[in-house]
Amino acid sequence: MGCQILRTPPLSSSTTITILSKFASLSKPAPTSLFKPHFRPFAPKPITTLTKRSFRGGVLAMAAAPGSFQKSDEEWQAILSPEQFRILRQKGTEYPGTGEYDKFFGEGVYQCAGCGTPLYRSTTKFNSGCGWPAFYEGLPGAINRNPDPDGMRIEITCAACGGHLGHVFKGEGFRTPTNERHCVNSISLKFATENSDASQ
Ligand SMILES: [Zn+2]
């Protein structure tokens with residue numbers, strides 16, 4: 001669950017960087033120990049109870065979810081445009097109707113503009129008429145949801161790097177399989193065709 005598996009198409013480039021996640025090998029079962037509670041009425045001295053608790057891998061995995069794409073603001077500023085930084089890292093919003101992908105309907109995958117993680121398939125994009133790209137569903141595990149501080153809307157972020165994408169709205173009556181609208185800033189996304197080299 002905590003491992004981010006990035007599946008990239010086979011590349012012809014010889015400079016492919018392969019990142020091997022060591023988390024894959026951490027899934028060994030925790031030893032189960034049976035403690036039989038028994039009392040020793042004639043114990044010579046008080047027994048200090050040893051509470052040996054084995055930590056389960058699941059807790060670790062959950063904590064490690066937003067992993068290797070954590071960067072400082074300075075590091076993000078070095079790789080993002082000022083507008084990308086304002087929206088992705090400072091939770092800004094682009095003006096409606098101005099985004100590159102608002103009326104774009106090519107076939108492929110939309111990745112996070114910050115870290116390159118695939119977020120949405122083009123098959124889930126629909127024209128909401130709202131002025132921002134709209135998707136009815138994200139790729140599994142790719143997107144986190146959190147209520148805004150004022151409780152009015154649900155913010156959506158890239159699960160890998162925490163980059164701000166936009167907001168998700170429910171029950172608006174769009175004829176989509178989920179009745180949800182992921183309202184995403186174009187600038188938070190980078191489109192790639194299925195067969196293109198996404199690393200470029
Ligand atoms: Zn990201």
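Reader: Which residue in strand 8 is the bridge partner of F169?
Author: This is a predicted model, in which local features need pLDDT of at least 70 and side-chain atom pairs count only at pLDDT 80 or more, while totals for chains, interfaces and linings use all residues. Residues are numbered from 1 along each chain as its sequence is written. Strands are DSSP runs of E with at least two residues, numbered from the N terminus, as are helices, which are H or I runs of at least four. In strand 8, the bridge partner of F169 is R181.

Reader: How many bridges join strand 7 to strand 8?
Author: Two strands count as paired if DSSP finds at least two bridges between them. Strand 7 and strand 8, the latter covering residues 180–184, run antiparallel, and the number of bridges joining them is 5.

Reader: In what order do the 6 strands of the open sheet stand?
Author: The pairing in this sheet is antiparallel, and its edge strands, each pairing on one side only, are strand 3 (125–126) and strand 5 (143–147). Strand 6 (residues 154–158) is joined to strand 7 (residues 164–170) by 4 bridges. The order of the 6 strands is 3-4-8-7-6-5.

Reader: Which residue in the turn between strand 6 and strand 7 has a positive phi?
Author: These strands form a hairpin with 5 residues between them, and in the paired part E155 has H167 of strand 7 as its bridge partner. The turn residue with a positive phi, of about 80°, is G162.

Reader: Which residue in strand 2 does Y110 stand opposite?
Author: Strand 1, residues 109–112, runs antiparallel to strand 2 and is joined to that strand by 3 bridges. Within this pairing, Y110 stands opposite Y120.

Reader: Is T123 buried or exposed?
Author: T123 lies in the loop between strand 2 and strand 3, and its C-alpha atom is separated by 9.2 Å from that of G106, 17 residues apart along the chain. With C-beta atoms placed from the backbone, a residue is buried if 20 or more others lie within 10 Å of its own, exposed if 12 or fewer, and partly exposed in between. Because T123 has 12 other C-beta atoms within 10 Å, this residue is exposed.
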